[in-house]
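Welcome! Please open the sequence and the 3D view side by side, and follow along as we go through them piece by piece.

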2 protein chains.
Amino acid sequence: MRSSSLDAIAGAQLFFKCENLQRSGSFKMRGATNAVFSLSDEEAARGVLTHSSGNHAAALALAARDRGIRAWIVMPSDAPQIKRRAVAAFGGEILLCEPTMAGREAAAQELILRTGAVLLHPYDDDRIIAGQATAALELLEDVPDLDLVLAPVSGGGLLSGTAISTKHLRPAARVVGCEPRNADDAARSLAAGRIEPAAKSRTMADGLRATLAPRTFAILRRLVDHVALVTEEEIVEAMRLLWDRLKVIVEPSGAVAAAPALLHKIGSEENVNAAQQNQQKKIGIILSGGNLDLDALPFGRAAS
Amino acid sequence: MRSSSLDAIAGAQLFFKCENLQRSGSFKMRGATNAVFSLSDEEAARGVLTHSSGNHAAALALAARDRGIRAWIVMPSDAPQIKRRAVAAFGGEILLCEPTMAGREAAAQELILRTGAVLLHPYDDDRIIAGQATAALELLEDVPDLDLVLAPVSGGGLLSGTAISTKHLRPAARVVGCEPRNADDAARSLAAGRIEPAAKSRTMADGLRATLAPRTFAILRRLVDHVALVTEEEIVEAMRLLWDRLKVIVEPSGAVAAAPALLHKIGSEENVNAAQQNQQKKIGIILSGGNLDLDALPFGRAAS
């Protein structure tokens, strides 16, 4: 999607890849589809499982249904009702567990032993990363001369795939990961040269709270030029601009990648004139998803 | 746009024509463009004006800018700031007047006498109606075998154009106008066989408060099969479903045309089994616009 008014605000030509309009409401459908359809018939027959409770879970349920196999989603017993509904709507089988990492892993292990189901990690998996890479691939097929590609970073699956596609098809383009300042472990990890643990995240971007895996960390170190940090206020401001001008629903995590371009943050962190830097540039922005609770918006009055 | 989950809810195949994604944020861009570009060079040089304050005003300003001519928008002095901003953003010149119909007309007349500008009525104009007709035209080019087309009705420009395109290209398809129950003058007018005055409208669908003109009334009488009425609660419910599943921003007026299909109201007013009636049917729905104030949503918490 394009928007002349957002272009004017950014002082650049913006090209939005709308993964919020993707099936299941996020880019996670790409990786989940690739992983599920990469399984042998024998593996597939045993079903798949994951213990993410967010967009990957919904996508995996839908991808499994597409292949006609079972998908179990291990979820903490305190997971929000809205996430359970999304998974159930796509035919996923929810397995509630103690709301701890140990509880999750024990429940997943028990299920794997009992059923032989294949565990599909949300990002620490080459098949998943290859799937996520198709978003930037399609964007570059449409706009081959992008100068810069922005994608959010959490566990690093989408950003790894974005960087692989971009640096292959358009080596001259910069790839910048975008992360909430309140969940800045990817920026810290890349600066330190080793995976840093996440602080207790207090970001509204609930899709961006995971930490890098060694697999994604290695790809990002090699191919990503910079990580831009975005405050909570900037997430709301970017989200509002996207809703208002593009007329599409973008979740907070999805808006994180648009914020640096819309709010002139690109370049300013590298001490160059941001407005001048953006001028006439072609910027690809991956709006990663559109799943959010309409009762908990950062704007709007109380429900009527 | 399509949505398998909305299809499942409706028990029908729904094809959404997303005029919320149209330039200026509504279908009004179609009529305004056709009218502005239908003017002779001599007429165009004098500029255009209107005294609508809603989507037509913004569209006319943008269409005039596209042609490189002036557009004056006569607005009541109490018009919401957000509407003034939209017009100004597209280069429209705002002329404030007394907030009465007499005040509007006096201001418009004075301007016409002074400048020779061409008054372009928001719907009582064949060029405007012809422009609005292209939304259904494009929809039927994409889906030639629609059984039913739903469009909102206010002054009747969009519904007239929708009916003309549909009955010409696909005579077998039914055309149903959709109107808030709290602004039901079109339904009353068609039932009475004469234009009935609007009651004082208390609908959140602020784009649907106008009344029919003789021109649009005559077209609707001839070509529209039915007018479905939608309550305020149903508008919110339809809007919420569209936001949640299509992931696009649809204004209340735009959601009115989706409500009868999503909430199984089609047919039930004609005493047939609505669910059965919808089954397997192909329904085209014109989502007329996406302009609304994000600070005044019918859902969401107080602003952070």
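## A pair of strands to start with

Let us begin with two neighbours: strand 7 (residues 174-180) of chain A and strand 8 of chain A pair in the parallel sense, over five bridges. Two strands count as paired if DSSP finds at least two bridges between them. Within this pair, P180(A) has V230(A) in strand 8 of chain A as its bridge partner.

Before going on, a word about the model and its labels. This is a predicted model, in which local features need pLDDT of at least 70 and side-chain atom pairs count only at pLDDT 80 or more, while totals for chains, interfaces and linings use all residues. Residues are numbered from 1 along each chain as its sequence is written, and chains are lettered from A and ligands numbered from 1 in the order in which they are written. Helices (H or I, at least four residues) and strands (E, at least two) are DSSP runs, numbered from the N terminus.

## The sheet of chain A

## Two domains in chain A

Chain A is divided into domain 1 (4-25 + 125-296) and domain 2 (28-119); domain bounds come from an automatic or database domain assignment. The C-alpha centres of domain 1 and domain 2 of chain A lie 26 Å apart.

Where do the domains touch? In chain A, 19 residues of domain 1 are in contact with 16 residues of domain 2, where contact is defined by C-beta atoms, placed from the backbone, that lie within 7 Å. Helix 7 (residues 126-142) of chain A gives the most to the side of domain 1 that touches domain 2, with eight residues. The residues of that side of domain 1 of chain A divide into four nonpolar, 10 polar and five charged. Here Ala, Val, Leu, Ile, Met, Phe, Trp, Tyr, Cys and Pro count as nonpolar, Asp, Glu, Lys and Arg as charged, and the others, Gly among them, as polar.

The expected span of a helix is 1.5 Å times one less than its number of residues. For the 15 residues of helix 6 (residues 101-115) of chain A, this should give 21 Å, and the end C-alpha atoms are 21 Å apart, which agrees. Just after helix 6 of chain A, G116(A) takes a positive phi of about 75°.

Helix 8 (residues 157-169) of chain A has 13 residues that should span 18 Å, and its end C-alpha atoms are 18 Å apart, which agrees. Helix 8 of chain A is mostly covered, with 10 of its 13 residues buried. A residue is buried if 20 or more other C-beta atoms lie within 10 Å of its own, exposed if 12 or fewer, and partly exposed in between, with C-beta atoms placed from the backbone. Among the buried residues of helix 8 of chain A are L158(A), L159(A) and I164(A). The buried residues of this helix pack against partners that include helix 2 (28-38), helix 10 (214-223) and strand 9 of chain A.

## Over to chain B

Chain B has an open sheet of five strands in the order 1-9-6-7-8, with parallel pairing. Strand 9 (residues 282-287) of chain B is mostly covered: five of its six residues are buried. Six bridges join strand 1 of chain B to strand 9 of chain B, and three join strand 6 of chain B to strand 9 of chain B. I285(B) in strand 9 is the bridge partner of F16(B) and also of L150(B).

Finally, find L96(B) in strand 4 (residues 93-97) of chain B. L96(B) is partly exposed, with 15 other C-beta atoms within 10 Å. L96(B) and M75(B) are 21 residues apart in sequence and 5.0 Å apart in space, C-alpha to C-alpha.

Methods: Two residues are in contact if their C-beta atoms, placed from the backbone, lie within 7 Å.
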